[in-house]
Amino acid sequence: MRHASTLDLSSFENPKVQDQLDRARKQIAARTPLLAQSLSQIQSSLTLFAYATGVALYAPKLIVIIVLGWIPAALCGMHFNTVSYIEEKNKLPQRRYLDYLRNLVASSAPAKEIKGYRLADYFIEQYASLSNALHKQETHFVLRRTLVTSLLSCLGAIAQLCAYLYLIVAVMGGGLSIGGFAFLVMSLLRITNLMQSSTTGLTQLASQALYLDDLYDFLSEKSRMTEALSPRPFPQRMQSGVEFRNVSFEYTGAHTHAINDISFTLRPGEVIAFVGENGAGKSTIVKLLSRMYDATSGSILIDGADISDYSTDDIRSNIVTTHQDFIRYQLRAIDNVRFGDILDGANEERIHRSIDYASAAALIAKLKGGLRQIVGHLFEGGVGLSGGEWQKLAIARSYMGRAQIYIFDEPTASLDAKSEQATFSRIKELARGASAVIISHRFSTVRMADRIYVMDGGKIIQAGTHEQLMATPGSYSDLFTLQAAGYR
Ligand SMILES: Nc1ncnc2c1ncn2[C@@H]1O[C@H](COP(=O)(O)OP(=O)(O)OP(=O)(O)O)[C@@H](O)[C@H]1O
């Protein structure tokens with residue numbers, strides 16, 4: 001968890017890193033007996049060594065015969081372990097897909113839609129056909145492995161028989177006493193048993209070590225974003241604010257720019273808004289502004305200094321974003337709010353103020369356990385909340401910090417008209433001290449902004465106040481008129 005938390009957002013969006021993370025997560029739990037196994041393996045190896053030395057002193061040929069019979073089985077065990085590891089590794093994307101299908105059908109969040117569209121049978125069939133295919137491959141592998149190892153074990157048994165035969169011949173020829181015969185037979189028996197258990201133990205250890213590589217693979221995954229070695233102190237009060245200067249950004253693996261040559265400014269105390277069609281690049285701007293990604297070209301300046309000169313911690317505590325897909329923490333209501341400032345989040349006065357700001361006081365009053373009420377259905381005693389109620393908690397969370405810039409990405413999508421109005425008057429109030437960036441498809445929401453940027457295909461195509469944009473023929477006035485017509 002600690003290492004995962006150091007990775008950047010693009011790492012989490014990379015399926016390869018997801019595979020690594022999945023393998024590492026599974027391996028950590030499965031490999032805990034490794035140390036105990038290693039120690040017991042050392043113990044059996046020492047015993048084996050002592051017996052083998054004793055026998056070698058008496059009859060060195062015996063040891064040669066036994067070891068020669070054992071080597072093929074040991075090599076074969078190692079070989080099959082490596083093959084099994086590689087096959088498992090190759091199957092991981094399919095296994096993750098299976099996990100995904102299982103979650104779709106058997107967890108609470110998707111349940112409504114899966115039932116609504118009657119998709120359960122479809123996904124169960126998909127699951128069954130893929131897991132049967134994987135099972136078939138596994139059965140085939142296990143059969144092959146059993147056959148080959150059984151044949152090679154026969155070789156070991158033959159070597160053992162040869163050793164006994166050698167001893168019998170030695171006794172009959174008078175070269176070995178009955179006492180010596182008894183000692184060697186007992187020792188051979190013990191050696192072969194120890195060898196067999198060591199082969200199993202060693203091959204298991206070797207495979208454990210291979211799987212442990214997965215954990216180290218994941219641990220070697222590093223964030224691609226660099227931290228300034230001696231970061232510039234974040235301004236206590238920003239003077240010139242934020243400037244995007246010819247910023248372009250392309251997501252990893254994408255073939256087009258999500259935003260292209262974007263320039264705008266956000267002065268302290270201003271409220272600016274971005275509007276535009278789906279996929280126009282609005283959320284991408286927000287992610288760049290909170291340094292979830294670094295721009296592909298151009299620069300983002302905070303009080304004249306490049307954003308990468310500041311520490312990401314400082315950026316995140318001064319620029320707070322309420323995302324479209326905020327988290328619904330299935331914990332207590334108070335946790336949903338105090339997580340906005342985890343370092344000082346126990347301050348009840350601030351919690352209540354943030355709740356008031358987010359028009360969530362009535363919601364808290366309605367909860368049986370008040371602020372301590374568990375929300376969501378995941379845990380015992382939890383109560384369900386509506387989409388808008390969750391959103392109010394998320395907005396309250398963002399008010400907890402002492403940010404200088406508040407970003408609201410679709411902040412009121414689920415709010416009723418009254419709460420929306422209250423939220424925006426709060427944003428205006430807040431912005432007297434701080435700045436705010438609003439992204440919304442509702443033109444009634446954005447009209448209060450000091451400046452509105454209209455985006456299309458990753459570019460800013462219009463900018464101005466509501467009045468200026470309405471006075472100019474173009475996208476904004478067309479879309480505003482279209483939405484307004486819907487209310488008439
Ligand atoms: N994580 C990602 N990886 C790759 N491409 C992405 C990613 N997120 C967004 N995109 C692409 O970048 C473009 C801009 O997306 P963005 O989310 O910024 O749009 P938006 O204007 O916020 O859209 P919406 O109004 O639907 O929220 C889209 O074409 C989208 O497909």
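This passage walks through the predicted model from its overall shape down to single residues. Because the model is predicted, local features need pLDDT of at least 70 and side-chain atom pairs count only at pLDDT 80 or more, while totals for chains, interfaces and linings use all residues. Residues are numbered from 1 along each chain as its sequence is written.

Start with the whole chain. It holds 17 helices and 10 strands; these are DSSP runs numbered from the N terminus, with helices being H or I runs of at least four residues and strands being E runs of at least two. The C-alpha trace spans about 115 × 55 × 45 Å along its principal axes. The radius of gyration comes out at 34 Å, whereas a compact globule of 488 residues would have a value near 23 Å. That radius is taken over C-alpha atoms, and the globule rule is 2.2 Å times the number of residues to the power 0.38.

How much of the chain is buried? Buried residues account for 27% of the 488 residues. A residue is called buried if 20 or more other C-beta atoms lie within 10 Å of its own, exposed if 12 or fewer do, and partly exposed in between, with C-beta atoms placed from the backbone. As for contacts (C-beta atoms, placed from the backbone, within 7 Å), 74% of those between residues at least 6 apart in sequence join residues at least 24 apart.

Next come the nonpolar cores, meaning sets of buried Ala, Val, Leu, Ile, Met, Phe, Trp, Tyr and Cys residues joined through C-beta atoms within 7 Å. The largest has 47 residues, and the members touching the most others are Tyr406, Ile407, Ile438 and Ile452. Strand 3 (residues 271–276) gives the most to this core, with 5 residues. A second, separate core has 19 residues, including Val337, Ile351, Tyr357 and Ile364. Back at Ile452, and ignoring neighbours within four places in sequence, the contacts are Ala273, Val275, Val446, Gly464, Thr465, His466, Leu469 and Tyr476.

Ile427 sits in helix 14. Since 23 other C-beta atoms lie within 10 Å, Ile427 is buried. Beyond the neighbours within four places in sequence, Ile427 is in contact with Val271, Tyr406, Phe408, Ala436 and Ile438.

Arg118 lies in the loop between helix 5 (108–116) and helix 6 (120–172), and has a positive phi of about 50° although it is not a glycine. Why does Arg118 count as exposed? Because Arg118 has 8 C-beta neighbours inside 10 Å. Asp303, in the loop between strand 4 (297–302) and strand 5 (305–306), also shows a positive phi of about 50° without being a glycine. Asp303 is partly exposed because 16 other C-beta atoms lie within 10 Å. Gly433 is found between helix 14 (417–431) and strand 8 (435–439), and is exposed, with 12 other C-beta atoms within 10 Å.

Finally, there is the stretch at residues 165–189, which UniProt lists as "transmembrane region" in an unreviewed entry. UniProt positions are given in the numbering used here, feature names are shortened, and annotations may be inferred rather than shown by experiment. Over this stretch the chain is 80% helix and 0% strand, and the end C-alpha atoms are 14 Å apart. Ala170 belongs to helix 6 and is partly exposed, with 18 other C-beta atoms within 10 Å. From Ala170 to Gly387 it is 87 Å, C-alpha to C-alpha.

How values were computed:
Two residues are in contact if their C-beta atoms, placed from the backbone, lie within 7 Å.
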